[in-house]
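Here are my notes on the model you sent. Please read them with the structure open beside you.

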Amino acid sequence: MNKTVLHWSYRDYDHVPLDLLYYDEDLEELYLKENFIRTIPLWMFHLSHLKFIHLSGNLIEYIPDGIHGLKFLEFLDLSGNQISNCPSSLGGLSHLQSLNLSGNRIEIVPKSLCSLKKLEFLDLSDNLITKLPIELCECTRLSNLALNDNPHLLHVPERIINMSSLQSFSANRCGLLYLPAIANKFINNVQMFHNTTVRHVPMVFEKFFSSYFFDGAQSATTYYNNGQQDKDKDTESVEYENNPHYFTVREKETGIILLLPFGTRHVFSLDGPDNQVTLYDDCLHVINYINLYLNFYKYPPFLDSLPSKAMGDHITNGPIARCTNKNCLVVLYTSYYLAVCRKTLSSCKMLFSCFFCSKFCGFAWLSANKGKYINIPWEICDN
Ligand SMILES: [Zn+2]
């Protein structure tokens, strides 16, 4: 059987031509970019040998449920349309390697995408996404994830950016309240520029840092010094000011408030007493270790006999940071020692946050980086 590729882009079609059916099983790759197509017809899903579909730049508003009928599909580009739904049946495309849904109006990403075990490339940029399902971390081949220009996206689950397959991650111009404090060691491209409420960069992203990260810190300084909100720039800050789930500390030099990763229960200063990291965190380490082999949080009977729902959530959501000391890298769940630093010999005012498992790791890191960073004192916020 010969592979057929149809180049029908830029042809002013206002619908998918029925002539496609003529090619039937021979048709593998279909280009229909930049036409005026409004709907994906259901009969198209009978072309089950299709592997590549290029439908970017059309006027499609809706992905029909039957799309899982394209069971050999490897590549799907629906970027630059007007799609607002993202059906669960997309999870049925078990051969899919590349999915581009950028430039649409999608608000909800279905959990079912976790079934795409061959997915390597996922572009959800320029949509209206509010939340990323943690289940995405089950796409164990995902190497490239783009989330740029989703202004309502406030948080990226740490477990996703810590996926061992991920090599490139971008979330520029989103509404991120803080940057995740953990990443896998193989990631080689990270971009999280212009998230206007971000006030500290976890040290793990220092090598990807550039001055573009900085614009948020400037508005934050204005806000906290004047006690008034800059309404044009800083609207998202309302979201966390009233949100009891976020743990905050105040940097003492300028009063900038730093949001710490969701799930933080205790932070300790390196100046405080020894051995503050709690038994609770030790238990989570042990449970997580056993869970790697048994995954008991997937079975309701086990779940009922576990200590508390909150503890289960901490395990399910994964660690929130990793010890900044490169010789240690222990994962941290709810409690850690925190250091806040600024670069010396640089005009850059961005604050870097360092998370440590112990005072020992904290002081070892600080003394190794003495000339490079200044340690800035902080205090826990009252509210
Ligand atoms: Zn450590």
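1. The zinc site. The model is predicted, and the arrangement around its zinc ion is tetrahedral, because the 4 donor atoms subtend angles of 104 to 119 degrees. For four donors, that label requires all angles to lie between 85 and 135 degrees. The donors are the SG atoms of Cys-323, Cys-328, Cys-357 and Cys-361, and they coordinate the zinc ion at 2.2 to 2.4 Å.

2. Where the zinc donors sit in the chain. The spacing of the donors along the chain is C-x4-C-x28-C-x3-C. Cys-323 belongs to the loop between strand S14 (321-322) and strand S15 (331-332), while Cys-361 belongs to helix H8 (residues 359-368), so this pair ties together parts that are 38 residues apart in sequence. Are Cys-323 and Cys-361 buried or exposed? Both of them are buried.

3. The chain as a whole. The protein chain contains 8 helices and 19 strands. It has 383 residues, of which 52% count as buried. Among contacts with a separation of 6 or more, 44% are between residues 24 or more positions apart. The accessible surface of the protein chain is about 18200 Å², and carbon and sulfur atoms account for 52% of that surface.

4. Helix H5, its length and its end. H5 covers residues 279-294, which is 16 residues. From first C-alpha to last, H5 reaches 22 Å, close to the 22 Å expected at 1.5 Å a residue. After H5 comes Asn-295, with a positive phi near 45 degrees.

5. Which residues of H5 are buried? They are Tyr-280, Asp-281, Leu-284, Ile-287, Asn-288 and Asn-291. These residues cover an arc of only 120 degrees around the axis, and therefore they lie on the same side of H5. On the face turned away from this buried side are the exposed residues Leu-279, Tyr-289 and Tyr-293. The cover over the buried residues of H5 includes helix H2 (158-161), helix H7 (309-317), S15 and strand S16 (335-343).

6. Helix H7. The buried residues to look at here are Met-311, Gly-312, His-314 and Ile-315. They cover an arc of only 160 degrees around the axis, which puts them on the same side of H7. What covers the buried residues of H7 includes H2 and H5. H7 in turn is part of the cover over the buried residues of H5. Gly-318 follows H7 and has a positive phi, near 80 degrees.

7. Asn-162. This residue is in the loop between H2 and strand S8 (168-170). Asn-162 counts as buried because its relative accessibility is 19%, and buried means under 20%. Setting aside residues up to four places away in sequence, Asn-162 touches Ile-182, Ala-183, Asn-184 and Arg-322.

8. Phe-52. Strand S3 (residues 52-54) contains Phe-52. Its relative accessibility is 22%, so Phe-52 counts as partly exposed. Which residues does Phe-52 contact, leaving aside its neighbours within four places in sequence? They are Glu-28, Glu-29, Leu-30, Leu-73, Glu-74 and Phe-75. Phe-52 and Phe-72 are 20 residues apart along the chain, and their C-alpha atoms are separated by 9.1 Å.

9. Tyr-10 and Asp-12. Most residues other than glycine have a negative phi. Tyr-10 is not a glycine, yet its phi is positive, about 55 degrees. Asp-12, which is not a glycine either, has a positive phi of about 60 degrees. Tyr-10 is in the loop between strand S1 (4-7) and helix H1 (20-23), and Asp-12 is found in the loop between S1 and H1 as well. Tyr-10 counts as exposed because its relative accessibility is 60%. Asp-12 is also exposed, with a relative accessible area of 59%.

Terms used:
Residues are numbered from 1 along each chain as its sequence is written. This is a predicted model: local features need pLDDT of at least 70, side-chain atom pairs count only at pLDDT 80 or more; totals for chains, interfaces and linings use all residues. Side-chain values use heavy atoms; hydrogens and water are left out. Donors are N, O and S atoms within 2.8 Å of the metal (3.2 Å for Na, K and Ca); water is not among the atoms, so sites may look incomplete. Four donors count as tetrahedral if all angles lie between 85 and 135 degrees; four count as square planar and six as octahedral if opposite donors are over 155 degrees apart and all others between 65 and 115; anything else is irregular. Helices (H or I, at least four residues) and strands (E, at least two) are DSSP runs, numbered from the N terminus. Buried means under 20% relative accessible area, exposed over 50%, partly exposed in between (1.4 Å probe, protein chains only). Contact means heavy atoms within 4.5 Å. Accessible areas come from the Shrake-Rupley method with a 1.4 Å probe; for residues, only the protein chains shown count as cover. The expected span of a helix is 1.5 Å times one less than its number of residues. The arc is that of the directions from the helix axis to the C-beta atoms.
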